[in-house]
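Hi,

Here is the structure I promised to pass on to you. Have a look at it first, and then read on below for what turned up.

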Amino acid sequence: HFKHVGVWKLNAKDWGVAQDRWRVFIWAAEVPLQPPVPTHGPGTGQAYVTVKEALPGLLSEGYEAIMSFQGGATSRELANPSPTVTGRRNLYAVREPGLTYRGAGSIPRPFRLLTPDETQVLQAFPGTFDFLGNLSDRQLQIGNAVPPPLAAAVVTMVTLGLKPRRHTPTEL
């Protein structure tokens, strides 16, 4: 029914989210839609938001890096956006940047899991937003969500592409 169909592959860090998080949006519309314009990163005048800026408490606790344990990973300094938050508790604060995890028995120490509240901040949800349920439920909701700044950018562009149309009562 639509004349135009498209795909946008967008990274949340380009909209001020302190996280390297790629998401694909498939759209269909009567008119061609333009992808949202990034607000952060090269050429925007705004640097990417870092873990250090989003979670300054990690530095005060003595942590210097963040690591995602998904089949092996290398820690990333807090001066960068975070790896992707997932529905599983996969992000750890680590004390020594550059440590590498390759499997059971080689886990770098000391480290600690990020809390759901911390992953909520990395997803750019306001602190007033409540996720409900037990620890696993909350992490699943946070990890499966599209970060609000990215969602807002996509919705804005889709809304701009809508054609106003009067509906008859039988169409509603």
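The largest nonpolar core has 16 residues, and those that touch the most other members are Val-51, Leu-58, Ile-66, Leu-91, Leu-114 and Leu-122. Please keep in mind that this is a predicted model. Apart from that core lies another one, of 13 residues, including Leu-10, Trp-27, Leu-33 and Leu-150.

Setting aside neighbours within four places in sequence, Leu-91 is in contact with Ile-66, Met-67 and Ser-68, among others. Its list of contacts also includes Ser-82, Pro-83, Thr-84 and Val-85, as well as Arg-112, Leu-113, Leu-114 and Leu-122.

Now for the strands around there. Strand E3 covers residues 65-68 and strand E6 covers residues 91-94; the two pair in the antiparallel sense, over four bridges. Within that pairing, Ile-66 has Ala-93 in E6 as its bridge partner. As a reminder, strands of a sheet pair through backbone hydrogen bonds, either parallel or antiparallel. E3 and E6 belong to an open sheet of four strands, ordered E5-E3-E6-E8, with antiparallel pairing. At the edges are strand E5 (76-77) and strand E8 (111-113), each of which pairs on one side only.

Read from the N terminus, the elements run β-β-α-α-β-β-β-β-β-β-α-α-α. The chain has 172 residues, of which 40% count as buried. Among contacts with a separation of 6 or more, 58% are between residues 24 or more positions apart.

The chain exposes about 9900 Å², and 57% of that is supplied by carbon and sulfur atoms. Which residues make a nonpolar surface patch? They are Val-5, Val-7, Val-24 and Ile-26, and the patch comes to about 430 Å². Strand E1 (4-11) and strand E2 (22-29) are the elements that give two or more residues to this patch.

Is Val-5 buried or exposed? Val-5 counts as exposed because its relative accessible area is 62%, and the cut-off for exposed is over 50%.

Happy to go through any of this with you at the screen.

Best wishes

Conventions. Residues numbered from 1 in each chain as written. Predicted model: local features only at pLDDT ≥ 70, side-chain atom pairs only at ≥ 80, totals over all residues. Heavy atoms only, no water. Patch = residues over 30% accessible without salt bridge, like charges linked within 9 Å, V, L, I, M, F, W, Y side chains within 5 Å. Areas by Shrake-Rupley, 256 points an atom, 1.4 Å probe, with all protein chains shown as cover. Salt bridge = Lys/Arg side-chain N within 4 Å of Asp/Glu carboxyl O. Buried < 20%, exposed > 50% of the residue type's maximum accessible area, 1.4 Å probe, protein only. Pairing = 2+ DSSP bridges. Contact = heavy atoms within 4.5 Å. Core = buried A, V, L, I, M, F, W, Y, C linked by side-chain atoms within 4.5 Å.
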